[in-house]
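My notes follow in the order I took them.

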Amino acid sequence: MTEFLEAANTSPAGGTADGSAAASTALAEELLGLVQAVDGVHSVYPAQPLWQSIAGAALAAVTGETLPLIGLTETADALAVKVRIGVNASRPAPAVTREAAGAIRRHLLPRAAVVEISVVKLGS
């Protein structure tokens with residue numbers, strides 16, 4: 001089941017509401033490593049598709065910085081994590097997404113997290 005989230009912060013630093021951009025970037029990198037380590041994940045794509053983040057895409061084109069692969073949005077209740085992945089044919093996509101979401105949730109414990117993972121490409 002997918003829970004719809006507000007658009008993730010698309011700034012290259014991926015800052016959170018508390019302004020700790022460096023901490024947020026480090027956390028996003030940690031989460032990216034977790035997702036990439038899941039058997040069956042062959043690619044991780046920018047958290048916001050370009051058509052949803054025209055301003056972010058324009059900024060990335062001008063500055064040469066890439067859009068964040070892990071979207072983090074701090075709310076009063078939880079940290080929202082948004083990930084878009086490609087899954088190869090070695091495992092069923094639902095199993096891969098459940099494993100990746102579980103790895104993210106375990107990593108963030110005891111912090112509450114809402115994890116949205118979208119499969120945007122099947123096969124290699």
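I began with what the buried residues of H3 pack against: helix H1 (21-37), strand E1 (41-45), strand E3 (79-87) and strand E4 (113-122). Contact here means heavy atoms within 4.5 Å. Helices (H or I, at least four residues) and strands (E, at least two) are DSSP runs, numbered from the N terminus.

I noted the ground rules. This is a predicted model, where local features need pLDDT of at least 70 and side-chain atom pairs count only at pLDDT 80 or more, while totals for chains, interfaces and linings use all residues. Residues are numbered from 1 along each chain as its sequence is written, and side-chain values use heavy atoms, with hydrogens and water left out.

**The chain.** I counted 3 helices and 4 strands. Along the sequence they run α-β-α-β-β-α-β. Of the 124 residues, 40% count as buried. Buried means under 20% relative accessible area, exposed over 50%, partly exposed in between (1.4 Å probe, protein chains only).

**Helix H3.** I listed its buried residues: Ala-93, Val-96, Thr-97, Ala-100, Ala-101, Gly-102, Ala-103, Ile-104 and Leu-108.

I checked Thr-97 in H3. It counts as buried because its relative accessibility is 17%. Thr-97 touches Ile-85, Ile-117 and Val-119, leaving aside residues up to four places away in sequence.

**The core.** The largest nonpolar core has 23 residues. Such a core is a set of buried Ala, Val, Leu, Ile, Met, Phe, Trp, Tyr and Cys residues joined through side-chain atoms within 4.5 Å. Val-81, Val-83, Ile-85 and Ile-104 have the most contacts inside it. H3 gives the most to this core, with 6 residues.

**H1 against H3.** I looked up the axes, which are lines fitted to C-alpha atoms, for helices over the stretch in contact, with angles from 0 to 180 degrees between N-to-C directions. The axes of H1 and H3 come within 9 Å and cross at roughly 140 degrees. That makes H1 oblique to H3. Angles under 35 degrees count as roughly parallel, over 145 as roughly antiparallel, 65 to 115 as roughly perpendicular and the rest as oblique. Leu-27, Glu-30, Leu-31, Leu-34 and Val-35 of H1 meet Ala-103, Ile-104, His-107 and Leu-108 of H3.

I found a cis peptide bond joining Leu-109 and Pro-110, with omega about 5 degrees. Pro-110 lies in the loop between H3 and E4.
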